[in-house]
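The following questions and answers are intended for a reader who is meeting this structure for the first time. Please keep the sequence and the model in view while reading.

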Amino acid sequence: MKKLMTGNEAIVQGAWEAGVMVASAYPGTPSTEVLENMTAHKEVYSEWAPNEKVAVEAAIGASVAGVRSMASMKHVGLNVAADPLFTFAYTGVNAGMVLLTADEPGMYSSQNEQDNRNYAKAAKIPMLEPSTSQEAKDFMKEAFDISEKFDVPVLVRMTTRVCHSKGIVECGSRSESGKKPYVKNAQKYVMVPAFARKRRVEVEKRMALLEEFAEKTPMNRIEDNGSRTGVIACGMAYCFAKEVFGDDVNYLKMGFTNPLPSKLMTEFLQGVDKCYVIEENDPFIEEKVKMLGFSEKCFGKNTFPAYDELTADVIRKAVFGSEFETIDYDKSKVVPRPPALCAGCPHRGLFFELGKRKNVMVTGDIGCYTLAQGAPYNSIDTTICMGASFSTGHGAQKAFDLKGEDMRVVGVLGDSTFFHTGINSLTECLYNNSRTVSIILDNRITGMTGHQENPGSGRHADLSEANIIDIETVCRALGCKNIRTINPNDLKAVKDALDWALSLDEPAVIITKYPCVLKKFSEHDKKAFPDAYKSKSVVDSEKCIGCKACLKCGCPALYLDRETGKAAIDSLQCVGCGVCEQICPKQAIGKEAR
Amino acid sequence: MTKSVLLVGVGGQGTILASKLLTIGLMQEGYDVKMSEIHGMSQRGGSVSSQVRYGEQVYSPVIEKGSADLLVSFEKMEALRWLEYLKKDGAVVVNDHEMMPMPVIMGQAEYAPDIIDEIRRNCANVKVVSATAEAMKLGNGKVMNIILLGSLVRSMGLENIDWEKIIRDNVKPAFADANVEAFRVGKSLV
């Protein structure tokens, strides 16, 4: 049966057909929908893990115990999960284990553009790179077979454009062949040095066998169109190259990209006068081409950028020096539309108050609150990685104190980020007695990635009820003496909490607790927040003096009416959070039922 | 010959559902179809696009600048932002609706009052549709996206596909009638 599927949906279909039984993940664009879609398959145990390292470890355990398993994550997630991966590459698997990384050429929703193909090389594991949804499904099945045949975890490298593009996929049925008996085998699974040294030798033997496989697998194929120009391409870049060159060149289409097939590449390169190596991000294949002695006919990163997507227009411009003709118009009329905190976002009240503070550095984290770096809040000083806010804040506070500078540091992160690696960061602040203010923006869900459950939200990935791990209780258990939980839509409570925390000379935690405006409420939320988002705010134009004070809260539902010169509220967007009402100096904003 | 349709708007306006329905119809009609969308950080409030390409065999899911046959914009400013993706002789369907970007709200930029004129000056085939206003008349502002799908289908000459069944099969039953009605309205507006 044919279905139209995104790459992520096709990954799930492939894994399901391959008989996967355990799937663990931490949400991250563009990988999130893999686990989300897996929850529809009741034969598979699917879970959100608190972070990627834990997800990979859960999948490792399932593999060793004897069922096919997988873990999926965005590219930076693999940094967190690298520790177990590198050693699991030594032990190998029992039942097949596949690790999916979703890289982000173009950085649509990421803080860097790292090329995770380098992980396959560094960890010495096989890697598959699908180009289309059909390949995503087919390669996923291949990956499980390779994993078991060669006793090794397999990396499947997707990119945003493969994950989030739809194509037609031929679907099959599920095989239940994925179960293996568990046999205790310390020499294989206990990586003390004596055993690890033995496994280390196996890793090299396995790589040699995998290269032989790479020479023969149909995932690597030559398309001979009788040309003297060659294109070596992988992933979505292959589709973009086909769009530009059609059948005018010969292709070496690479789907199995670690280890690379020396003989096949040599055969292809000998048959052409020049060869474009079209791959997004790093010169991973290109370096091999050059090692094989074909530097002179190779056009790679000297022709195509090492960053961003290599879309058809980028290739066209690089190779032919021209793009399609476009319509000319006055582009100065186009105003940028950066993403903004939603109307009613419970982070707004906090950043409205925090942005006003002088001599305060705000260390940020990964989540919607990153958006507070822009106008009108201009409130974030650093964003590095998941969980980094409290610990970078701690280091910064120590530095200011050592320099004798009158600066205070406030760290901000969300509830899901707290459970991810924020707990470690807070432990650093508490253990080393930092006078930082650590703020946990608990909006009861993982927001930026589109609402995934987490250890504090009260539900599992399949929406079944879960034990709520209470953030305040965790902070107290870590030894924090100064904790306040507040409603961030109450500006006075926010201001008072900040004043209080900044007056202390020891670690303080503020928890802003209010559900995300886009969240589909759980039964627990309905009880805990009965009045949330039940009204909307309206401007009394008689009272409004057009002072624009309310606009400073940066709500996308608020605007200045061009004709009247007074504030107005878009009733389709407003959910009545009330922040603007508290800012208006003339009490001109009131509430009505939604 | 591959056709390219670009749907653009502001995150949260429903471009993804409209393009999903479009691709289902095209696949049922026997076309090879590719669709690409970027989500994540721009989920709400940012500029978003869904790109649909169909034909005998489609390689790239991404529309190049200067190559879209039709640009369907759910918001006025977004039509102008994405206009360079349109072919020289391509068509535009634009919803006569403004959403203020943050720089305008902050008073750092002006939302030009003559956006539609600017598009018309440079493009011969422009249809302005009051999709948001029509959706409000139907009693549900959210069906604006399906009104625009109706206008899109008419503009691309795809009326022979059974869209009403596709809509009924893919939206929640409670909203099926409203969406079918919205689709009909959308077809009648262009």
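Q: How many helices and strands does chain A have?
A: The model is a predicted one. In chain A, the secondary structure comes to 20 helices and 23 strands.

Q: Why is chain A described as being as compact as a globular protein of its length?
A: For 594 residues the globule rule gives 25 Å. The radius of gyration of chain A is close to that value, so the chain is as compact as a globular protein of that length. The radius in question is 27 Å.

Q: What box do the C-alpha atoms of chain A fill?
A: The box is taken along the principal axes. Its dimensions are roughly 80 × 65 × 55 Å.

Q: What percentage of the residues in chain A is buried?
A: A residue counts as buried when its relative accessible area is under 20%. Among the 594 residues of chain A, the buried ones make up 60%.

Q: What share of the contacts in chain A with a separation of 6 or more comes from residues 24 or more positions apart?
A: The contacts considered here are those with a separation of 6 or more. Within that set, residues 24 or more positions apart account for 74%.

Q: How many Å apart are the mean positions of the positive and negative charges of chain A?
A: Chain A has 72 positive and 76 negative charges.

Q: In what order do the elements of chain B run from the N terminus on?
A: Chain B comprises 8 helices and 6 strands. Read from the N terminus on, its elements follow the order β-α-β-β-β-α-β-α-α-β-α-α-α-α.

Q: What radius of gyration does chain B have?
A: The globule rule gives 16 Å for the 190 residues of chain B. The chain is close to this value, so it is as compact as a globular protein of that length. Its radius of gyration is 16 Å.

Q: What part of the accessible surface of chain B belongs to carbon and sulfur atoms?
A: Buried residues make up 61% of the 190 residues in chain B. The accessible surface of the chain comes to about 7200 Å². Of this surface, carbon and sulfur atoms hold 47%.

Q: How many aromatic pairs does a search of the whole structure find?
A: The search extends over all chains. The number of aromatic pairs found is 15.

Q: Which geometry do the rings of Tyr238(A) and Tyr251(A) have?
A: The centres of the two rings lie 5.9 Å apart, and their planes stand at 75°. Planes over 60 degrees apart meet the cut-off for this class. The pair of Tyr238(A) and Tyr251(A) is therefore edge-to-face.

Q: Which parts of chain A does the pair of Tyr238(A) and Tyr251(A) tie together?
A: Tyr238(A) is buried at 8% relative accessible area, and Tyr251(A) is buried at 0%. The parts that the pair ties together are 13 residues apart in sequence. They are helix 10 (residues 235-245) and strand 11 (residues 250-254).

Q: What is the angle between the planes of Tyr514(A) and Tyr533(A)?
A: Tyr514(A) is buried, with a relative accessible area of 13%, and Tyr533(A) is buried, with 11%. The two form an edge-to-face aromatic pair, 5.9 Å centre to centre. The angle between their planes is 80°.

Q: Which residues do ring pairs link into a cluster?
A: The cluster is held in chain A and is built from ring pairs. Its members are Phe245(A), Tyr276(A), Phe299(A), Phe304(A) and Phe320(A).

Note on methods:
Residues numbered from 1 in each chain as written. Chains lettered and ligands numbered in written order. Predicted model: local features only at pLDDT ≥ 70, side-chain atom pairs only at ≥ 80, totals over all residues. Heavy atoms only, no water. Helix = DSSP H or I, 4+ residues; strand = E, 2+ residues; numbered from the N terminus. Rg over C-alpha atoms; globule rule 2.2 N^0.38 Å. Buried < 20%, exposed > 50% of the residue type's maximum accessible area, 1.4 Å probe, protein only. Contact = heavy atoms within 4.5 Å. Lys, Arg positive; Asp, Glu negative; His and termini not counted. Charge placed at Lys NZ, Arg CZ, Asp CG, Glu CD. Areas by Shrake-Rupley, 256 points an atom, 1.4 Å probe, with all protein chains shown as cover. Phe/Tyr/Trp six-rings, centres within 6.5 Å; stacked < 30°, edge-to-face > 60°.
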